[in-house]
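I opened my notebook for a walk through this one. Here is what I looked up, in the order I got curious.

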Amino acid sequence: MCSSDLINFEGNQRMRSARLKKSMQTKKGDMLKFSKLSEDISELKSLYERNGFYQVSIKYELEKDENNQITVNIIVDEKARIRIKRVTVEGNNSVKTGKILDLMETRSAWLFRRGYFNSESFENDLARIKMYYQNLGFLDTTTSPTFDYDEEKGFMYIKIVINEGSQYHVGDVLVEGNIVFSKEEVFKYISVEKGEPFSYVKLRGDVESIRGLYYQKGYMNAVVGVDRALEPGANTIDIVFNIDAKDVVYLGKVNIKGNTKTKDIIMR
């Protein structure tokens, strides 16, 4: 096994070596693990990216001496620091641009806001936009970002093109299975209604509400599932809540432990 006897940095003009070493798992004297070193390179790139060096390139080279000691040389090409100058949105016919921008962490530089681009945050932004559309019934929405750069000024321009697709609505809402209670009672815990935009969030909330009904009545093993069926050409989705109440669970013996100063009868 080889150990990392020394870690050197080259090309890091805007960040001190001490700061970079602090973010690494690999330390001087550790057994060298290539998997950990690869993770360190990824973390260093993320650190640079969070500080505006989106185009940074980082690699490592190893030098081995006669004593089987390894020197890790980490070579950094910082490139230019990039700030976001503008974020624009196109194709959003059903949702206002301001609402979409409010969903995003990625923002342009302004006053004390540095406006550095972070790819992980941006991917989360796109996921939030898609989820927001899905909860309005636009299940097929896609986002296509493009990036333009002004290398001389260090600016990035982001454009997000949205293809909303079709909006889907709720069709028939049914309750089936071993429901035990009346359907009227179960429907009191269902909020989705025929004709409204389909929403995964609302549907999941209804499943939890139905489970709560059964748990409160002692059906602790009740299973609540949902089937969805798309009506071809109608853009409507029929919803079937499949319920298996199973058996009532009764309370058995109650044991009390740890009460060294208070008698069981008092606690009961």
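**Entry 1: a hairpin**

How many residues sit between strand 5 and strand 6 in their hairpin, and which residue in the turn has a positive phi? I found four residues between the two strands. The positive phi belongs to Gly-154, at about 75°. I also noted for myself that this is a predicted model.

Strand 5 covers residues 142-150, and nine bridges join it to strand 6 in the antiparallel sense.

I stayed on strand 6, residues 155-163, and asked which side chains point to which face. Met-156, Ile-158, Ile-160 and Ile-162 point to one face and are buried.

Strand 6 has another partner to look up. It pairs with strand 4 in the parallel sense, over seven bridges. In that pairing I found Arg-83 with Phe-155 of strand 6 as its bridge partner.

**Entry 2: a second hairpin**

In which sense do strand 2 and strand 3 pair? The answer is antiparallel, over eight bridges, with strand 2 at residues 57-64 and strand 3 at residues 69-77. I marked Ile-58 and its bridge partner Val-76 in strand 3 as my example. These strands form a hairpin with four residues between them, and Asn-68 in the turn has a positive phi of about 65°.

Lys-79 is one of them, with phi near 60°. I located Lys-79 in the loop between strand 3 and strand 4. Lys-79 counts as partly exposed because its relative accessibility is 42%.

Asn-235 gave me another case, with phi near 55°. This residue is in the loop between strand 8 (223-231) and strand 9 (236-244). Asn-235 has 30% relative accessibility, so I put it down as partly exposed.

**Entry 3: Arg-81 and Asn-51**

Which backbone atom does the side chain of Arg-81 reach at 2.8 Å? I traced that side chain to the backbone oxygen of Asn-51. Arg-81 is in the loop between strand 3 and strand 4, while Asn-51 lies in the loop between helix 2 (34-50) and strand 2.

Is Asn-51 buried or exposed? Asn-51 counts as buried because its relative accessibility is 11%, under the 20% cut-off. Arg-81 has 27%, so I wrote it down as partly exposed.

I listed contacts for both, leaving aside neighbours within four places in sequence. For Asn-51 these are Met-15, Arg-19, Arg-81, Arg-114 and Tyr-116. The contacts of Arg-81 include Arg-14, Gly-52, Phe-53 and Tyr-116. Gly-154, my turn residue from Entry 1, is also in contact with Arg-81.

From Arg-81 to Ser-119 I got 38 residues in sequence and 14 Å in space, C-alpha to C-alpha.

**Entry 4: the loop between helix 3 and helix 4**

What do Trp-110, Leu-111 and Phe-112 form on the surface? They form a nonpolar patch, with about 520 Å² of accessible area together. I placed Trp-110 in the loop between helix 3 (97-102) and helix 4 (119-134). Trp-110 counts as exposed because its relative accessibility is 59%.

Arg-113 is in the loop between helix 3 and helix 4 as well. With 37% relative accessible area, Arg-113 is partly exposed. Leaving aside neighbours within four places in sequence, I saw it in contact with Arg-107 and Ser-108.

**Entry 5: Ser-199**

My last stop was Ser-199, in the loop between helix 5 (183-187) and helix 6 (200-216). It has 12% relative accessibility, so I counted it as buried. Its side chain makes a polar contact of 3.3 Å with the side chain of Asn-135, and it reaches the backbone nitrogen of Lys-202 at 3.2 Å. Not counting residues up to four places away in sequence, Ser-199 touches Gln-134 and Asn-135.

Conventions:
Residues are numbered from 1 along each chain as its sequence is written. This is a predicted model: local features need pLDDT of at least 70, side-chain atom pairs count only at pLDDT 80 or more; totals for chains, interfaces and linings use all residues. Side-chain values use heavy atoms; hydrogens and water are left out. Patches are made of residues with over 30% relative accessible area and no salt bridge: like charges are joined within 9 Å, nonpolar side chains (Val, Leu, Ile, Met, Phe, Trp, Tyr) within 5 Å. Accessible areas come from the Shrake-Rupley method with a 1.4 Å probe; for residues, only the protein chains shown count as cover. A salt bridge is a side-chain nitrogen of Lys or Arg within 4 Å of a carboxyl oxygen of Asp or Glu. Buried means under 20% relative accessible area, exposed over 50%, partly exposed in between (1.4 Å probe, protein chains only). A polar contact is a pair of N or O atoms within 3.5 Å; within protein, one must be able to donate a hydrogen and the other to accept it, and residues adjacent in sequence count only if both atoms are side-chain atoms. Contact means heavy atoms within 4.5 Å. Two strands pair if DSSP finds at least two bridges between them.
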